[in-house]
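Please look over the sequence and the structure first.

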Amino acid sequence: MSLGLGFEYQGLPPQPVITVIEPGGPADRAGVRLGEIIVEVDSQRITGLTDVRQLLVNSNPEVTLVLQQPGQSLTSGLFGFAGMGSLRLGGEAPRRVTIRRSGAPAAGGARRARQPEEARAEEALPAAAQAARERGRELFKAGDWLSAAEAFTEAMEGLGGGRGLSDKVLSQLLTNRALCFQKLEVWDKVEDDARKAMDKNGSSVKAHYLLGKALLEIGRVEDARAALLKSMSLSSSPEFKSYRRSIDAALFMARKRIWEKEQIAIDRADEALREDLLRVAEDMDDQGGDGARGELLEARTCAITRLLSKARVQRSTADVPKGILCPLSHRIMLDPVSTPSGSTYDRDFIETHIKTKGPTDPINPSEKVSLEKLVPNLSLKHYIDDFLEANPWAFDEDTYG
């Protein structure tokens with residue numbers, strides 16, 4: 001994840017490589033380039049034992065990187081992401097860049113605490129707009145999403161297209177209506193409202209997230225990833241913790257869709273190559289009689305098929321390590337937390353267990369556990385993130401979609 005820095009990397013130390021840069025984000029503004037290798041983080045040299053992600057997490061509000069360009073051709077296939085093209089990077093000397101997180105103050109400035117959009121003190125609205133907004137919220141909770149959307153529309157337009165309401169309030173109402181359309185799976189309206197909300201409030205985490213979700217469902221996966229990366233960058237403050245799991249899931253889903261598109265392209269290229277090789281085999285001079293030629297052609301055909309099958313196996317999916325599966329859901333954990341007895345579960349599933357079945361550890365029933373005693377397992381979280389970035393196919397859309 002971008003951790004509010006506006007970039008992602010792939011690969012283990014000592015050569016973590018920049019693979020994604022959020023357009024217009026902190027890393028982009030600092031001049032970070034695709035394909036560069038992270039050599040140092042805040043003066044700490046990267047080695048095989050370095051936890052790069054933890055160094056980035058601990059650097060706040062800014063981080064200084066030393067970056068090296070490899071002297072070789074790099075293509076999208078190396079990173080597993082579409083749309084990167086081919087890069088030819090020279091052997092330039094390492095360079096130092098400083099990246100300031102989204103929302104971080106300028107040097108010497110006071111840092112303001114950023115509050116979640118829904119948790120901030122609400123502006124006083126005209127009575128009619130306030131009543132419509134409250135009715136929309138109640139209808140949404142009741143699952144009547146179409147009526148809720150109509151109520152939010154009334155709150156915005158009842159006073160003549162929203163005149164008299166601030167941009168912040170209009171952005172919140174637009175994202176609330178977009179949430180209704182998301183429930184109804186009317187993705188073009190989700191996209192439209194999310195973009196309007198971003199026009200009113202460019203730092204809205206929810207608006208960027210909803211835009212990414214809509215674009216993902218529409219099929220514009222590269223654009224979806226960019227919007228979701230922006231949302232993740234804006235959500236780096238701890239107050240936005242509740243958003244990040246959803247953003248994580250959507251980002252992994254976007255990577256999976258991109259991976260699927262790439263696999264289709266690869267399979268088509270393999271089939272085209274197979275046809276070309278078979279035509280070459282058929283055009284070769286026959287050696288001996290028709291029977292011998294037929295046997296030779298069959299042998300060459302089998303050899304070509306085995307060769308392409310072997311290549312497909314070599315790039316096929318790896319096994320999912322059992323240690324990253326939640327014992328309750330039997331799915332890959334996105335937010336692993338540990339109990340006092342040392343058991344680890346996905347947060348959503350262990351919290352549901354505690355609320356519905358009582359404060360006991362499912363693996364160790366004699367051990368008591370409460371929501372307050374769940375501790376984030378950051379090391380496992382980092383490992384899972386790296387695994388899913390390297391193996392996008394493994395993300396379970398049915399569990400987290």
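A contact here means heavy atoms within 4.5 Å. On that basis, residues 24 or more positions apart account for 59% of the contacts in the protein with a separation of 6 or more. The model is predicted.

**Overall make-up**

The protein has 401 residues, and 44% of them count as buried. Its secondary structure consists of 14 helices and 11 strands. The accessible surface comes to about 20000 Å², with 52% of that belonging to carbon and sulfur atoms.

**Nonpolar cores**

The largest nonpolar core holds 64 residues, and the members that touch the most others are Leu-173, Val-190, Ile-247, Ile-332, Ile-384, Leu-388 and Phe-395. Helix H10, residues 241–283, gives the most to this core, with nine residues. Apart from it lies another core of 18 residues, including Ile-18, Ile-21, Val-32 and Leu-55.

Leaving aside residues up to four places away in sequence, Ile-247 touches Val-205, Tyr-209, Leu-228, Ser-231, Met-232 and Ser-235.

**His-208**

His-208 is found in helix H8, which spans residues 205–218. Is this residue buried or exposed? His-208 counts as buried because its relative accessibility is 6%, and the cut-off for buried is under 20%. The side chain of His-208 reaches the backbone oxygen of Ser-204 at 2.9 Å. Beyond four places in sequence, His-208 touches Met-198, Gly-202, Ala-227, Lys-230, Ser-231 and Leu-234.

**Strand S3 and its partners**

All five residues of strand S3 (residues 37–41) are buried, so this strand is largely enclosed by the rest of the structure. S3 pairs in the antiparallel sense with S5 over four bridges, and Ile-38 stands opposite Leu-67 in S5. S3 also pairs in the antiparallel sense with S4 over two bridges, where Val-41 stands opposite Gln-44. S3 and S4 form a hairpin with two residues between them, and Asp-42 in the turn has a positive phi of about 50 degrees.

| Strand pair | Bridges | Facing residues |
|---|---|---|
| S3 and S5 | four bridges | Ile-38 and Leu-67 |
| S3 and S4 | two bridges | Val-41 and Gln-44 |
| S9 and S11 | two bridges | Val-337 and Pro-376 |

An open sheet of three strands has the order S10-S9-S11, with antiparallel pairing. Strands S10 (344–346) and S11 (375–376) stand at the edges with a single partner strand each, so one side of each has no neighbour in the sheet. Strand S9 covers residues 336–338 and is joined to S11 by two bridges; Val-337 stands opposite Pro-376 in S11.

Helix H12 lies across S9, S10 and S11, and runs at about 95 degrees to S10. Arg-347 is in this helix, which covers residues 347–357. Arg-347 is buried, because its relative accessible area is 12%, under the 20% cut-off. Which residues does Arg-347 touch, not counting those up to four places away in sequence? They are Lys-241, Asp-335, Val-337 and Pro-376. Arg-347 and Val-375 are 28 residues apart in sequence, and their C-alpha atoms are 9.5 Å apart in space.

Definitions and conventions. Residues numbered from 1 in each chain as written. Predicted model: local features only at pLDDT ≥ 70, side-chain atom pairs only at ≥ 80, totals over all residues. Heavy atoms only, no water. Buried < 20%, exposed > 50% of the residue type's maximum accessible area, 1.4 Å probe, protein only. Core = buried A, V, L, I, M, F, W, Y, C linked by side-chain atoms within 4.5 Å. Areas by Shrake-Rupley, 256 points an atom, 1.4 Å probe, with all protein chains shown as cover. Polar contact = N/O pair within 3.5 Å; in protein donor to acceptor, adjacent residues only side chain to side chain. Pairing = 2+ DSSP bridges. Axes fitted to C-alpha atoms, helices over the stretch in contact; angles between N-to-C directions.
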